[in-house]
Each structure stands twice: as structure tokens, then as C-alpha cells.
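The sequence and the model are shown first.

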Amino acid sequence: MFGLEKQDSRLLIVVAILTMCAPFILNPFPAESALAQFNAGYPDLMQRFVIFGIFAIGFNILFGLTGYLSFGHAAFLGIGSYSAVWMFKLLSYNVVPALILSVITAGLFAVVIGYISLRRSGIYFSILTLAFAQMSYNMAYSVLTPLTNGETGLQVYSNDPQYLKGDGPDVTHLFGFEMRAASELNIGGWTFDFSIGYYLSALIMLASFYLAIRIFRSPFGLMLRAIKANQTRLNYTGISTRPYTLAAFVISGMYAGLAGGLLACMDPLAGAERMQWTASGEVVLMTILGGVGTLLGPILGAGFIKYAENIFSKINENVLHSWFSFLPDGLESAVVWFFARFVGEGWHMTLGLMFMLIVIFLPGGLIEGGQRIGRLFKGKSASNNPPAE
Amino acid sequence: MDAIILQILNGLDKGSAYALIALGLTLIFGTLGVVNFAHGALFMIGAFCAVTLQRILNISYITIDDTQKDFLGNPLKVESPYVKAWFGEDFGAALIDWSVPLAIILSIPVMLLVGYIMERGLIKHFYKRPHADQILVTFGLAIVLQEVVKYFYGANPIQTPAPGAFTGSFDFGVLLGFDPNVIIYPYWRLVYFAFSAVIIAAVFAFLQFTTFGMVVRAGMADRETVGLLGINIDKRFTAMFGLAAAVAGMAGVMYTPILSPNYHMGMDFLVLSFVVVVVGGMGSLPGAVLSGFLLGILQSFASMNEIKALLPGIDQVIIYLVAIIILLTRPRGLMGRKGVMED
Amino acid sequence: MSNSNFTRRGVIKTGAVAGAGLALPTIFTASSAAAFTNEPTGGSVKIGFNVPQTGPYSEEGLDELRAQELAVAHLNGEGDGGMMNTFSSKALQGNGILGKKVEFVTGDTQTKSDVARASAQSMIQKDGVIMINGGSSSGVAVAVQGLCQEAGVIFMAGLTHSNDTTGKDRKANGFRHFFNAYMSGAALAPVLKNAYGADRRAYHLTADYTWGWTQQESIQASTEAMGWSTVKDVRTPVGAGDFSSYIAPVLNSGADVLVLNHYGADMVNSLTQAIQFGLRDKQVNGKNFEIVVPLYSELMAAGAGSNIEGVYGSMNWNWQLQDAGTQAFVKSFGEKYGRPPSNAAHTCYVQTLLYADAVTRANSFNPCAVAEALEGFEFDGMGNGSTLYRAEDHQCFKDVLVMKGKENPTNQYDTLEIVETTPVAQVTYEANHPMFGGDEASLGTCNAG
């Protein structure tokens with residue numbers, strides 16, 4: 001299908017089904033139940049899952065295939081967001097020009113930064129990319145405030161020109177379909193949200209995923225893997241690897257730009273923190289956590305981290321008390337105290353422990369966990385059925 | 001002229017901090033080849049050794065003073081430290097006053113132990129794993145350590161003053177024939193500079209002039225061969241890890257009067273210390289020290305008003321700009337060895 | 001998809017199509033299109049507390065959270081009622097809001113605009129909150145305020161001191177009880193003049209982002225108005241840690257006052273280092289060198305310890321005030337948590353009560369009705385004396401406290417003393433003041449979703 005191998009088609013179809021049904025899958029608990037806290041099926045978070053999925057897929061094209069570890073990819077995410085918001089400010093709230101510009105600007109920046117950084121390899125490359133990203137962040141936060149609105153983040157004001165807006169909507173839209181528009185389906189105690197923004201992001205994610213599969217399976221992808229395996233040998237055989245690595249860098253930069261643009265389309269505000277090294281580090285962690293060099297891994301990793309950030313951080317002691325109220329008083333306090341260390345204000349602890357546990361026990365990341373579970377049940381390899389977000 | 005001298009002093013001081021942090025990181029990262037994202041956390045734990053000692057010395061018994069009221073209108077509970085009761089008012093007060101330098105004594109065994117446990121318990125299993133895995137596991141560890149410290153000490157910065165004898169600043173200008181107050185520099189920062197110099201020299205002497213150091217250096221150059229010679233290099237690497245942790249910890253202790261410690265300070269230094277190490281060149285201790293001082297001095301110059309007026313915001317990006325320029329002109333940083341962490 | 005007004009959850013009935021397709025047994029769609037976002041339908045109403053729980057400001061965020069929990073308890077008739085007893089409006093009965101029990105959800109802003117918006121989004125979309133309260137930075141406040149405006153819920157800002165929040169970035173759905181940089185300047189200037197004289201030369205170190213700039217601009221304007229001159233304004237990177245390169249040239253610049261436009265850990269570090277340089281022991285132009293920190297908070301004071309002794313600054317409120325409202329609040333907070341509340345906590349507590357009161361007076365949760373009830377609302381008994389929520393920019397106008405670091409603190413909470421309570425008239429400005437966006441700034445129209 002679409003020029004894919006059978007196994008890849010199956011993977012694509014599974015991912016497509018999962019993303020299309022995400023509003024159901026991510027809301028497994030009735031809205032009024034105590035476990036509804038764990039529901040992740042609301043538009044904003046679902047959008048983040050797929051958008052950061054795109055970011056991680058793109059990052060994996062560079063890191064997973066060539067082995068070049070960029071520590072500054074968040075710069076492209078931020079540049080994408082800023083470009084998109086500027087399109088909103090200048091033209092209209094239509095997302096199409098915004099997305100196009102964000103991919104193009106991110107691509108241009110990637111050409112420049114990649115061209116310079118790729119002159120070095122290994123850790124030297126990582127630090128070069130980090131340096132570029134940190135420079136972008138620091139400038140965006142302070143000196144470039146006229147362009148980026150600094151700390152507050154770039155946003156659209158009512159007195160912005162918006163030359164093409166006419167009487168179009170006042171929120172981001174795709175030819176009239178508002179990104180925030182959502183409809184709700186109530187079945188029994190369950191509530192499911194379907195938002196246009198999510199489905200647009202999901203479709204773009206699927207397209208990106210498809211493209212990534214094609215890249216992975218193409219001769220170009222093979223060449224990138226060869227670079228990872230042994231760049232020196234390639235150089236000795238007379239092949240110049242630079243054009244290939246640069247192409248991979250630019251492609252993954254454009255993915256990041258696309259993700260940044262989409263973030264701005266879903267919520268038209270671009271904060272400078274998007275470019276900080278912690279954001280670059282986050283995508284590295286997502287990719288490693290999910291499984292470097294696998295197709296599905298980065299998406300899983302992205303989902304995992306965003307889930308922890310948005311769900312665990314919201315569980316406070318009151319919620320815990322309501323869960324454990326059936327326990328005797330003294331025991332309840334002890335149990336609540338214990339769990340409170342890992343959720344709410346302590347959610348970072350959970351994140352840190354998960355990083356350690358996963359990398360210690362599942363060297364291949366979440367994807368390996370999925371494979372092991374699959375093997376356990378089927379007794380043969382089932383690489384594409386891990387519990388997906 | 002005076003402004004330049006002042007910024008050189010600043011630069012040396014900043015540089016000594018950078019160099020000290022980078023030194024520990026190079027021992028682990030540049031030589032053992034482990035990307036240790038928990039190095040900042042080691043620095044932070046060192047700083048909290050100072051806080052802990054301060055807390056211990058301030059453990060107090062409580063007397064109720066009926067003449068004063070607390071914020072709820074109840075009688076005020078007056079706290080008096082035990083050390084003052086035990087060692088007399090003056091000596092007790094002096095002990096509390098000197099808690100930061102005294103914390104060095106506490107920090108060395110604590111950090112050696114932390115380093116030992118970290119290496120034996122975790123890092124050891126990651127020498128042969130990809131760098132990506134090392135990043136993930138040490139980053140996770142850093143977060144966990146950070147959260148533990150946050151639980152015990154809160155997120156607010158904690159004041160850990162230098163001993164009273166070191167408050168105020170030294171007037172260099174007068175020595176050099178300038179007017180008074182033109183070139184002044186705090187005593188504690190001078191102490192920090194001297195302290196860094198001693199530690200750096202000690203680490204170099206240890207590696208250069210002891211048999212142990214020689215074996216370690218050989219191990220860094222070619223771990224396999226040294227192993228084949230029947231030397232238990234692993235054990236020595238564990239010791240190196242402990243040493244690196246101790247250096248980071250001592251740097252943290254001494255830095256607390258300059259930067260009030262909070263649980264987050266390790267992460268704030270992490271990126272910077274990696275930049276310093278890589279600019280210095282992988283696998284080179286002198287490179288790390290050199291690059292620490294270079295970046296410190298350049299950053300100080302970039303903070304000068306005259307230069308900021310020319311290039312607004314230059315002080316925020318100078319480190320990265322210099323890093324880019326150096327890495328482009330010198331492929332392996334200032335003094336890097338070929339083939340270390342290049343793939 | 002026929003309704004153009006479906007910009008939120010709980011709106012549209014697509015049950016028939018989706019249901020037929022899924023062939024599920026029972027389908028209940030939302031009973032009717034709600035009149036506004038997250039209209040509370042059951043016996044309870046949810047509000048969201050969005051505060052930093054991780055990162056450098058988490059301590060402040062947790063204090064806000066404590067105060068907000070206390071406010072909810074008081075609204076629901078638990079505890080001793082706190083400021084509800086002293087509040088001049090007697091609409092609140094201690095039976096929740098309009099008879100609905102108040103529930104709350106919490107979120108972590110991490111003091112990042114992006115994250116704060118994501119957290120607020122999840123409160124609105126998932127938990128169905130009707131109001132969002134809290135925060136510890138102006139960037140976050142402006143970002144979340146914008147989001148609440150779009151989504152159609154009320155935003156009650158927590159600690160945000162930048163002029164922009166109710167200046168050029170003001171929004172119809174956003175309200176600020178906290179004071180701002182302009183007020184700090186206006187309150188501080190006369191006190192500084194009395195203490196240090198009218199002939200002073202100030203050197204500013206300013207955090208290089210929007211809040212720092214607005215504060216610097218405000219302080220410079222008000223001190224220059226009383227005769228001071230400004231030697232230099234140096235922008236410092238946020239989170240610089242080591243400020244020595246910026247502090248070292250101060251003494252030789254001819255300035256005799258250093259103004260630190262920093263907040264949080266930056267302020268703790270820059271002040272500590274300035275003291276370490278011995279600046280306050282020096283004489284310049286024949287006068288003692290002085291340091292001023294325009295915006296104080298209890299946590300910063302605790303972090304800076306003895307370094308703040310004798311240093312002037314300003315605050316929105318302090319637990320040492322002696323009015324009935326403050327005493328009631330400090331008592332009920334202190335008894336529950338064993339510590340006096342911070343001024344960030346106070347603001348968040350008051351904002352929660354003010355919101356509940358406005359809903360009760362408006363007899364509706366509709367954000368537009370609530371906004372109308374808050375606009376021009378005058379009240380007393382909340383610790384700041386007589387206070388006005390101005391209709392033009394949704395900024396509270398009340399007395400401002402000028403504080404000084406205490407010389408000989410008797411306990412760990414006794415770090416600051418109140419020097420003067422600056423009357424509200426002195427800190428009032430026109431709604432179209434140039435520092436607040438001038439004539440262009442507008443609230444826009446209220447959005448009910």
C-alpha cells in the first residue's frame with residue numbers, strides 16, 4: 001500500500017486507527033469516576049501528543065538514522081512557532097500559510113545551522129547545535145523582544161494588520177474550520193471530545209509518519225544508516241557523506257518547524273521557552289525513551305512524557321485523599337504522603353525514576369517493552385502492537 | 001583601564017568556578033567516556049553539604065519567652081543553638097560563622113561515597129551502552145537527586161554566608177595606584193579563586209606524579225591494554241569517579257556564599273559545564289581548565305557596559321558564540337585528543 | 001457541524017451520526033447548548049488553581065496553593081471563615097458559591113508561558129473549570145489571561161507585577177488584585193527621598209525581560225520626578241547566577257544608589273553579591289551607598305537572609321498589618337499551616353473570595369455577568385483597606401506598603417518591617433497612562449465562550 005512493504009503498511013494502518021480513535025482510547029474512564037483523572041482524551045493534550053510525535057519522528061530521522069545527536073532541535077520548533085504566529089499577525093488566522101512558512105523558515109535555519117555544525121561530529125556536533133539553540137533562546141527571550149515578545153510569548157493583538165483576514169474568524173482556522181471547534185459525544189458516563197484541531201494535527205502526523213517510513217526504507221535512508229555504522233569507511237570509498245547528513249538535518253529541522261507551526265496553530269502563542277535547552281533535551285529523551293531508530297518509538301516516548309507532564313502534575317493531595325479515603329485514618333495519611341511525592345508537585349520524581357527504570361530494564365526503550373509483551377503473548381515477534389498513546 | 005582590570009578579576013573568578021566544575025566533568029566525561037548529566041547534581045549536592053552543616057550547627061533547643069509574641073500571638077519560642085551551649089557563646093558563634101569552610105570537611109567523605117555508589121550502582125553498567133542511554137539514565141538520576149533535595153530543603157534559595165572575616169572587599173586599585181574604591185574585589189571571591197587553584201593543582205599533581213595517577217592516565221588512553229596488563233582498571237575508575245564527585249562537591253560548597261543554593265542550581269550549571277569541557281577538548285584536563293578561564297574572562301568582558309552598548313545582549317550569548325568559533329577553527333576544541341567522543 | 005458557536009466542550013450534539021456509526025446501545029448527548037463555557041450544572045462548581053509547583057518559583061506557588069485551598073474551605077463553610085467575616089460585602093454565606101459546593105483542580109505552570117497555557121487548557125477542556133486563579137510571573141499571567149479570554153472563562157491573576165498585565169495586555173476576562181511596577185515606583189519614591197535625600201544618582205540593574213523593563217521604567221520615572229538622576233540602566237540576563245561583572249563597575253560610576261530590578265533567585269543572588277562587594281559600607285559623593293529592591297516577597301527575603309537588613313522595597317500586603325481582615329486571615333492561615341501567609345498567598349486568597357462574591361452578587365456564573373459585578377466594585381476588610389476594582393483596566397487600586405529589611409529579626413518570619421502605608425491616591429494613575437499602553441490599550445469585549 002502506498003509503496004510500502006506489507007509490514008510497514010500494517011504499522012501505518014495500526015497507527016492510523018489508533019490516532020483516529022484516540023478520543024475513545026485515551027478516555028477509558030467515565031467522566032465522573034475517580035479514575036477520570038487519568039483520562040487524556042481532551043483536545044489540548046491529544047494535540048500535544050501528535051505534535052510532539054511529529055517533532056520526535058523528525059528528530060529520529062537525524063538521530064536514529066545517522067547517529068548525529070543534535071542538542072538544539074528545539075530552536076527549529078521555536079522558529080516554526082514564531083513564523084506561524086507572524087503569519088497570523090500579518091495575513092490572517094488561516095493555518096495554511098502559517099504552516100508553510102514555519103516549515104520553510106525552519107528549513108532555512110536548518111540549512112545554515114546544519115551546514116556549520118555538521119563540519120564536526122560526535123559530541124562536538126552536539127555542542128555546536130546546543131550553542132546555536134541557546135543563542136536563539138537567549139536572544140528571543142530578551143534582545144529580540146520586538147520580534148518575539150520575549151517572556152510573554154508572541155501573540156496576535158487586535159491591532160495587528162492581518163491583511164487577508166477580511167471578515168474571517170478571530171481564531172485559527174483551516175478555511176473556516178476553527179481549530180478549537182469541538183463536538184462532544186456522551187455515552188453513558190463517558191464523554192468523548194472530537195476537535196478539528198486534533199484531527200488536523202493527527203492527519204499531518206500520519207503524513208509525516210508515512211514520509212518517515214518512506215525515508216527509512218529508501219536508498220537515502222540506507223545511506224544514512226551506513227553513515228551511522230561507519231562514516232570513515234564511506235569516506236574512504238569516495239562517498240562524500242556531508243550532503244546526506246545535511247539533508248537529514250534539514251528534513252528533521254523541517255519536521256520540527258512543522259511541529260512548532262502546528263503548536264502555534266492549535267494555540268496561537270509562541271513562548272521563548274520552546275527553544276530552551278530543556279526543550280531540546282526533551283525531544284532527545286522522548287526519542288531515547290521510545291526507542292532510537294525505531295519508527296514508532298519516538299511517538300510513544302513523546303506521548304509518555306507529555307502524559308506525565310499533564311496528568312501526573314495535576315494529581316494533588318486532595319485527589320489522593322479522595323482515592324484512599326477508604327483506608328483507616330493513619331494509614332491513609334501515610335499512603336497519601338507516599339504517593340504525593342510522585343504526583344502533583346513531585347511529578348518530576350516520577351519522570352526521573354521512569355527514565356532510569358526504562359533505560360536500565362528496557363535498553364531498547366518503550367518499543368522493546370512492547371515487543372517483550374508481544375513475545376510473551378504470541379511467542380513470536382510482534383513489533384507493532386505496544387500499548388499506544 | 002580600571003574597568004578592564006576589574007573584568008579580568010571577575011573573569012578569573014568566574015573562570016575558576018567554570019574550570020573547577022569542568023575538571024570533575026572531564027574526569028568522568030572526557031576520560032571515562034560517560035556522558036554524565038548528573039554532574040550538575042553532584043555540584044548541587046556539594047552545595048547542600050554546606051547547607052546541611054549549617055543546619056546541623058544550628059540545631060537548637062527551644063525556650064518559651066513570654067515577653068515576646070509570635071505571629072499568631074502565642075508566646076514566642078526562642079531557639080538557641082546547642083553548639084553555643086556546649087562550646088560557649090563565642091566559640092559556638094564562630095563555628096556557625098565558619099560553617100561553609102567547615103563543610104568542606106563534611107563534603108569530601110559524602111561526595112566520595114556518593115560518587116562510589118553512583119559508579120558501582122549505576123554508571124558501571126553503562127560504560128558499554130550507547131551515549132544515548134547514558135544521557136537518559138544520568139538525566140533521570142539528576143532529576144531524582146534534585147527532587148530528593150527539594151523535598152528536604154524546599155525550592156527557595158538558602159542563604160549560606162561566608163565567615164564574617166571575609167565580608168567586604170579588597171581594594172586592588174590602591175595597590176596599583178588608582179583612587180580608592182575604583183577596583184575592589186570581595187575577599188570571599190579571592191578565597192574562591194585561591195581554593196580553585198589549589199584543587200586544580202592537586203588534581204593535576206595526583207594524576208601526574210603518583211603511580212595511581214599514571215595508571216589512570218594510561219587507562220584513559222587505552223583501557224583495554226591496561227586491563228590486559230593485569231591491572232584492575234575498573235577499581236581505579238571507580239576511584240576517579242569518586243574523585244570527580246568530590247571535586248564537584250567542593251566546588252559546590254565553596255560557591256554557596258556567592259550563589260545561594262537551591263535545588264535547581266545543578267541543572268543551571270549543566271549546560272555550561274558541558275560547553276566548557278567540549279571547548280577545552282575531549283579527554284584533556286588542561287584543556288578544560290584553560291577553556292574554563294577563557295570563557296569566564298570573555299564573558300566578563302562581554303558584560304562590560306561599553307561592549308553591551310555596541311552589541312546589545314552579547315553577554316547572554318558570548319559563551320555559545322565563542323564555543324562555535326573555537327569548535328569551527330579547532331576541530332577538537334582547544335586541546336582535544338583525536339577520536340574521543342567523535343562518533 | 002452546523003453550529004458556528006462550538007468553540008468549547010459541552011456544546012454540540014453529533015450523537016445521532018456518531019452513534020449510528022458506532023451502534024452503541026445508549027447515547028446521551030448534552031442536554032442543551034450551554035449559555036457559556038463550562039456552565040456548572042450539578043451541585044458543585046470547579047475552579048482551577050494554576051501555580052508553579054516545580055522550578056524556581058515552586059515555593060511561592062505552593063504558598064498560593066495553600067491560600068487557595070483555605071479560601072475554598074472558607075467558601076464551603078469549613079474552618080473559621082477567615083476574611084469572609086471581615087469582607088465588606090456580605091453576599092457570601094459559607095454555602096459554596098450560589099449554593100454549589102466549590103471544588104478545585106490544580107496544575108503546574110513551571111513558570112513557563114507554554115506550559116501554563118497547556119495546564120490551563122486542560123483545566124478548561126478536561127476538568128471544566130469556570131475560573132482560573134494564580135501564577136507567579138507576569139509572562140505567565142499575560143499568556144494565561146489571553147487563553148482565558150479566548151476560551152471564555154474568568155482569569156484572576158496571582159502574583160504579577162508587570163504594568164503590561166493590566167496595561168497593554170489587559171483583557172476583559174482578566175482581573176488583577178496585585179499591585180504593579182508603577183505603583184511600586186510611586187509608593188517608594190517619597191520614602192526614598194525622605195531616607196536618602198533628593199539629590200541621588202541611581203544605577204539600575206534590570207532583569208532583561210518585559211517585567212524588568214516595566215519596573216525599571218516606572219522606578220526611573222518616579223525617582224527622577226523627585227529629583228534623582230539615573231546614571232545607567234544595565235540589563236542583566238535572567239538566571240545569570242553570578243552578577244559580579246555587573247556589580248563591579250557600579251561603585252566607580254558615580255552612582256550612590258543601586259536599584260535591583262530583579263525577582264526571585266536573581267534578586268537573592270544579585271543582592272547577596274552586592275553586599276559581598278561591600279557596597280553598603282562605602283561612601284560615594286559624600287553619602288552612604290544604598291541599595292533598593294523595588295519588589296519584595298517574603299520568600300526572597302528569607303532567601304537573602306541578613307543581606308536585606310535596611311534595604312527598602314515595596315509589597316502588595318504583609319501579614320504584620322494590624323487591620324481586622326489581615327488578622328483574621330493570618331490567624332486562620334497560621335493555624336492551619338503553622339506559618340504566616342506570603343503576599344502572593346494573600347492575593348490568591350482574596351481573588352478567590354472576590355470571584356465568589358462577584359458570582360453571588362451577579363447571581364450567575366456567566367463570566368460576563370461576573371466581570372460586570374467586579375468592575376468598579378469597591379470593597380474593604382480584605383487587608384488592604386478600601387479597594388477599588390477599576391472598570392477601565394481591571395486593576396485593583398489600594399494602599400501600597402513600603403517595606404524595609406528588618407535589622408534584628410526575632411524569628412524566621414520576621415524579616416521585613418512596614419515602613420509606610422502609601423495611600424491609594426498617591427499610586428493611582430489614569431487608565432490610558434503611557435506606561436500602560438496609552439490610548440490604544442483596550443480590554444476588548446467580554447467573552448463568555
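In chain C, Leu258(C) stands opposite Ile291(C) in β11(C). The model discussed here is predicted.

Strand β8 (residues 257-261) of chain C pairs with strand β11 (residues 290-295) of chain C in the parallel sense, over 3 bridges. In general, the strands of a sheet pair through backbone hydrogen bonds, in either a parallel or an antiparallel manner. The open sheet of chain C is formed by 7 strands in the order β7-β6-β8-β11-β12-β16-β17, with mixed pairing. At its edges stand β7 (229-236) and β17 (416-422) of chain C; each has a single partner strand, so one side of each is left without a neighbour in the sheet. On average, and with direction ignored, neighbouring strands of this sheet are turned by 25 degrees against each other.

A helix also belongs to this picture. Helix α5 (residues 181-196) of chain C lies across β8, β11, β12 (312-315), β16 (400-405) and β17 of chain C. This helix runs at about 150 degrees to β12(C).

The second topic is the contact between two other chains. To this contact chain A gives 35 residues and chain B gives 32 residues. On the side of chain A that touches chain B, the elements giving two or more residues are α6 (122-141), α11 (277-290) and α15 (347-361) of chain A. The largest share of that side, 11 residues, comes from α6(A). The table divides the residues of this side of chain A by class.

| Class, side of chain A that touches chain B | Number |
|---|---|
| Nonpolar | 24 residues |
| Polar | 8 residues |

Notes. Residues are numbered from 1 along each chain as its sequence is written. Chains are lettered from A and ligands numbered from 1 in the order in which they are written. This is a predicted model: local features need pLDDT of at least 70, side-chain atom pairs count only at pLDDT 80 or more; totals for chains, interfaces and linings use all residues. Two residues are in contact if their C-beta atoms, placed from the backbone, lie within 7 Å. Helices (H or I, at least four residues) and strands (E, at least two) are DSSP runs, numbered from the N terminus. Ala, Val, Leu, Ile, Met, Phe, Trp, Tyr, Cys and Pro count as nonpolar, Asp, Glu, Lys and Arg as charged, and the others, Gly among them, as polar. Two strands pair if DSSP finds at least two bridges between them. Axes are lines fitted to C-alpha atoms, for helices over the stretch in contact, and angles run from 0 to 180 degrees between N-to-C directions.
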